[in-house]
Amino acid sequence: MKYIKLLAFILVFFVLAAVAAGFGTYKWAARALPDYKTISDYDPPLVTKVLTRDGGILGHFYHEKRFLVSLNEISPWAVKAFLASEDARFYEHEGVSLLGVVRAALHNLKAREIVQGGSTITQQVIKSLLLSPERSYTRKLKEAILAYRLEKHLSKDEILTIYLNQIFMGSGVYGIEAASREYFGKHARDLDLAEAALLAALPKAPSRLNPYRNPEGARHRQLYVLSRLRDLDWISQQEYEEAVEEPLHLEPMPDPSWKEGPYYLEEVRRQLIRMFGEEKVYRGGLIVHTPADMKHINAAEKALRKGLEASTKRRGWRGPLDSIDQEMQQNLSMEQILDPEEFNKGQWHRVLVTQVDSSGAMVSFGDFQGRIHVSTMEWARTPNPARAPEEVPPVRDASRVLSPGDVVWASLLEVEPDESGLWQLALEQEPEVEGAIFSMDPRTGEILAMAGGYDFYKSQFNRATQARRQPGSAFKPIVYSAALDNGYTPASIVLDAPFVYDDHHTLTSWRPRNFEGVFHGPTILRDALVKSRNLVTIRVAQNVGIGNLISRSRDMGITEEFPRDLSISLGSVPISLQNMCQAFTSFARDGSYVQPRVINKVTDSWGQILYENQDEPIQAISPENAYIITNLLQEVVRDGTGWRARSLGRPVAGKTGTTNDQRDAWFIGYSPYLLTGVYVGVDQPTPMGRFETGSRAALPIWVDYRKEVENDYPVQDFTRPPGIVTARIDARSGLLAPSGMEETYFLPFKAGTEPTSKSARLDGDRERTGRSSSSSTEEDLLKQIF
């Protein structure tokens, strides 16, 4: 009996000691634990989505590729599969599964190291969000304590939702939604049983079981998940067999990020970082609504590339990309793996020249042979900026251009080889000249399209928003707008004659001239703007006053600093294409301008509005002033340097711009519904070549783009405001034209400023002094060339 009491005492002692030790261990492990309640404010790094105007995806920004979804946005198959794989008793335990702990302990004792955790889903959430990933019994104890506490704080569905959004799934993606997109090209709600089982297999070892790299391992684990579902009676035997037999097609959901509209997307990114900071942009799961229109963007990018490629050909052949020896030629052929099924007409390929004669060159690319006929090399003259291509004979001998061993660019002329098995190609050359196109709705300020260079992957510098270049004559409408408010009308007479400005501070003289190098004598203001007469513009600026010109520029939203000299009237101050387009919205609208914008609205991942654009138009000039300038710029298209825009067959206003030595070429043109600007020039300002003007280098890009989108808009003319009258004016004298006079213009005037005297000139009179009968305008010169 005494021994029994002793044994009972010892047993009680050990039980109390164990309880005390357990309690002490609990107290020790429970101190300094992280606050589990923070999990209820689950805010993981999420993908920021940038949407186009129709709700499509323009691109994503992220550090961790994760898309937040609720439990009802996940396929029921996926929920079952993850529970079967990770924690079948999830809805029964209180955060810790004792059975799982015992099972894991036995495995660990057998292996003499920690090889299995036995963690519930709740514990995995704790480990992922609050604790380090170290494998230790101390961490497991803390994990269990926190898991128990979390189960008292959040519902099972809330914990499971957090888990399914948090887990790493391989291939750089986190959470079930991102994994569904990455592996099956669909949303989590659309997963079938077989697909769900494969995804549920990944958390065990997401990198090792990545189905793209290890399809056998992923398949083995998928079968395990399916068998667990069957054994738990969560699926039938038939469903199991159908899922096992189902072939899986792995294909990621297309991500257009940086593939379509990269310059637009980058501008959005830069503005978001200025507004919210980099951390919020890359981790905050923002939903960004933009006015980007993919039809406009694709058309703009295509037009810009085509125009820059045409421009580089007008300057001649710079030579091959490389010239290589026989050994390197063999290596080049082996490196190229091409599939003719993916060939497209016009597609560029890097080709190796193998033979050359006067009629053309034989080339190889990959396993294919082709021929470049000399007729596609007519442009490949020796570069000479002083001579336009029309002033030199075309190339007729291919051996003057290419040699065996040359590596060059060539484009496919057809999508099939000819009867002899040869692919017909054309010689190509990447441009060294750069450019930009910028298109917006002047009614709202929404930027529909933007391309800031030839190739985003070679240069992310956005020449539409970041470059500052001289606009040349594209600035003149601002000068003439100021003139209309300072005593001038479209019929005012100004002398077109030599002009010399002596700067007594620098002891230098400035002698500007017209593009065509001749003088036209007395000129009405309409002709001065339409024909882009520099000398008239300078005299107008001198009379209006530099201060008034600078004020008018400021009024129209131009932000650059202006020196107080007359050269600013000819566009000598560098300005961005975006800023010039913004200023021109004053003409396209009612005299007010709008801020161009690439962001309409930003919300968080739950739909709460963080930013919404509420910019209001800013009145810059009167509606009458805007209408008169627009009318004159329509004349630029009808009768001046903008003549190519007539091909649209719609009311269009616009102005070309060309700087000294053809270093910069511009065209800004607009309709009431769409305003588009184009800039072309070399990044390090150098002459582009003879006659590389706004009319020739920039305007064709504008036309090509607009032809692709114009039919989406109804034909619309500019609305004449009250207070405007029109009169038929003698084109020479600027006075009212008598009946029967042929050389006349119908011009708009502010009411009360129209001429009241009638011209006495006869049609045969030539009143303009200093004008040569053989002189021609810029348009005449270019028409002679073309």
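**Chat: aromatic pairs and a sheet**

Q: Phe61, buried or exposed?
A: Buried: in this predicted model, its relative accessibility is 1%, and that falls under the 20% cut-off.

Q: How many aromatic pairs are there?
A: The count comes to 23. Phe61 and Tyr282 make one of them, tilted, with 6.2 Å centre to centre and 50° between the planes.

Q: Which parts does that pair tie together?
A: Phe61 is in strand β2 (57-61) and Tyr282 is in helix α12 (278-283), so the link joins parts 221 residues apart in sequence. Tyr282 is buried as well, at 14%.

Q: What about Arg305, where does it lie?
A: Over the face of Tyr454, 4.0 Å from the ring centre. Arg350 has its charged end over the ring of Trp409, 5.0 Å from the centre.

Q: Switching to strands: what's the order in the open sheet?
A: It goes β13-β12-β24-β23-β22, 5 strands with antiparallel pairing. β13 (447-451) and β22 (653-658) are the edge strands, each pairing on one side only.

Q: And how much twist is there?
A: It averages 5° from one strand to the next.

Q: How many bridges between β12 and β13?
A: 4, in the antiparallel sense, with β12 covering residues 434-440.

Q: Which residue in β13 partners Ile437?
A: Ala451 is its bridge partner there.

Definitions and conventions: Residues numbered from 1 in each chain as written. Predicted model: local features only at pLDDT ≥ 70, side-chain atom pairs only at ≥ 80, totals over all residues. Heavy atoms only, no water. Pairing = 2+ DSSP bridges. Helix = DSSP H or I, 4+ residues; strand = E, 2+ residues; numbered from the N terminus. Axes fitted to C-alpha atoms, helices over the stretch in contact; angles between N-to-C directions. Phe/Tyr/Trp six-rings, centres within 6.5 Å; stacked < 30°, edge-to-face > 60°. Buried < 20%, exposed > 50% of the residue type's maximum accessible area, 1.4 Å probe, protein only. Lys NZ or Arg CZ within 6 Å of the ring centre and 35° of its normal.
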